[in-house]
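Here's a quick briefing on a few charged side chains and one greasy spot. Have the structure open while you read.

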Amino acid sequence: MDADASRPTRVVIAGDIGGTRSRLVLAPLRGEVTAEAEGPGANLRSSGSAALDHLADTVAAVLEDGRHELGDGIEVAAVALGISGAGPARAREVAAAVGERLERLGISEDRLLVTDDLHTAFLAGGVGDDGLLVLAGTGAVAVRFRRREAVARRDGMGWLLGDIGSAVWLGRRTLQAVAADLDGRGRRTHLTEQVADMLDLDLRDGLLPPSPTGDPRQDLIRALDECLPAGAPAALGRFARLPGTVPEDPAAREILDTAVRHVMDTVRALDPEAGLPVVLAGSVLATPGPIHDEITTGLEADGRSFTTASSGLPGALLLARERAGDDLG
């Protein structure tokens, strides 16, 4: 505690808000993180209509933990949130909605900075103010930054229009391959057994356990209706890892190759001279596996420097401290 115990401890809150998961930290203006909290994702496009209410609950949780660690006399000097889906198309809407909810927690709107998770992920890479961000998590996008400003981008158009290589895209393509297999429209694939194991179904013969409907195709539809909430396509991401578990399977290989090719084509289009550092972010690209490994091999072959940002939190914390006007130097 400070020598003057009557003075509040000024803190900042930083958040990395994805479509599937939200992570927040609370820290004094100077010093280490003292409280953390996790909650559901909060992308208005893919996480459901209650997304921002859940986000407010997570902010309340990190505040409570912060008071437990630092005492009740804390003052929130700034909040910086990198929110998936808070790009230019919906930035004002998201900022206003978040600000309204944080006001109820005693945090005034003028202390809030809402940006998209692309800015925070790029800054978390620690490559400076210029470079490329390639993010594939729940969604997928690539952005070229100049002096921290996004000057060019590809994809990031949402699960319905794009997000190629994202967890949602991978999950959707996996289920489509399984449906085509069961329906006789596509090749036989080991992905069918993989999905069946996850759903506790026998999608080949419908015997163990006995088929609920008498038709494995209908069993699949019924099971997905039960495990994929309506209006929350982010849940498709639960199937994203499956192609990487059977990369030798032709259907899985096609899915993986499409994702890798898309990322490499995008990087080359945004930086044809290979002069900018690349930050890889998001659960698909920041986690070891066939897609991550093949993309890093491709970047090395192109002579590009790259780094991996496992979380946007360091970038959000930097922005929160800058917002608070604290001189950390």
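Keep in mind that this is a predicted model. The side chain of Asp-202 comes within reach of the backbone nitrogen of Asp-205, at 3.1 Å. Let's start there and then turn to the salt bridges.

- Asp-202 sits in the loop between α5 (191-199) and α6 (216-227).
- Asp-202 is buried but has no salt bridge, and the nearest side chain of opposite charge, Arg-204, is 6.9 Å away.
- A polar atom of the Asp-202 side chain also lies 2.9 Å from the backbone nitrogen of Leu-207.
- Leaving aside residues up to four places away in sequence, Asp-202 touches Leu-207, Leu-208 and Pro-209.

**Salt bridges**
- The count comes to 19 salt bridges.
- Arg-204 pairs with Glu-193 in one of them, at 2.6 Å from N to O. That pair links distant parts of the chain, with Arg-204 in the loop between α5 and α6 and Glu-193 in helix α5, eleven residues apart.
- Arg-204 is partly exposed, at 23% relative accessible area, and Glu-193 is partly exposed too, at 29%.
- Arg-268 and Asp-302 form a salt bridge, with their closest N and O atoms 2.9 Å apart. Here helix α8 (residues 250-270) supplies Arg-268, while Asp-302 is in the loop between α9 (290-301) and β10 (306-309), 34 residues apart.

**A nonpolar surface patch**
- Met-157, Trp-159, Leu-160 and Leu-161 make a nonpolar surface patch of about 450 Å².
- Leu-160 lies in the loop between β8 (149-155) and α4 (167-183), and Leu-160 counts as exposed because its relative accessibility is 58%.

Key:
Residues numbered from 1 in each chain as written. Predicted model: local features only at pLDDT ≥ 70, side-chain atom pairs only at ≥ 80, totals over all residues. Heavy atoms only, no water. Helix = DSSP H or I, 4+ residues; strand = E, 2+ residues; numbered from the N terminus. Buried < 20%, exposed > 50% of the residue type's maximum accessible area, 1.4 Å probe, protein only. Lys, Arg positive; Asp, Glu negative; His and termini not counted. Salt bridge = Lys/Arg side-chain N within 4 Å of Asp/Glu carboxyl O. Polar contact = N/O pair within 3.5 Å; in protein donor to acceptor, adjacent residues only side chain to side chain. Contact = heavy atoms within 4.5 Å. Patch = residues over 30% accessible without salt bridge, like charges linked within 9 Å, V, L, I, M, F, W, Y side chains within 5 Å. Areas by Shrake-Rupley, 256 points an atom, 1.4 Å probe, with all protein chains shown as cover.
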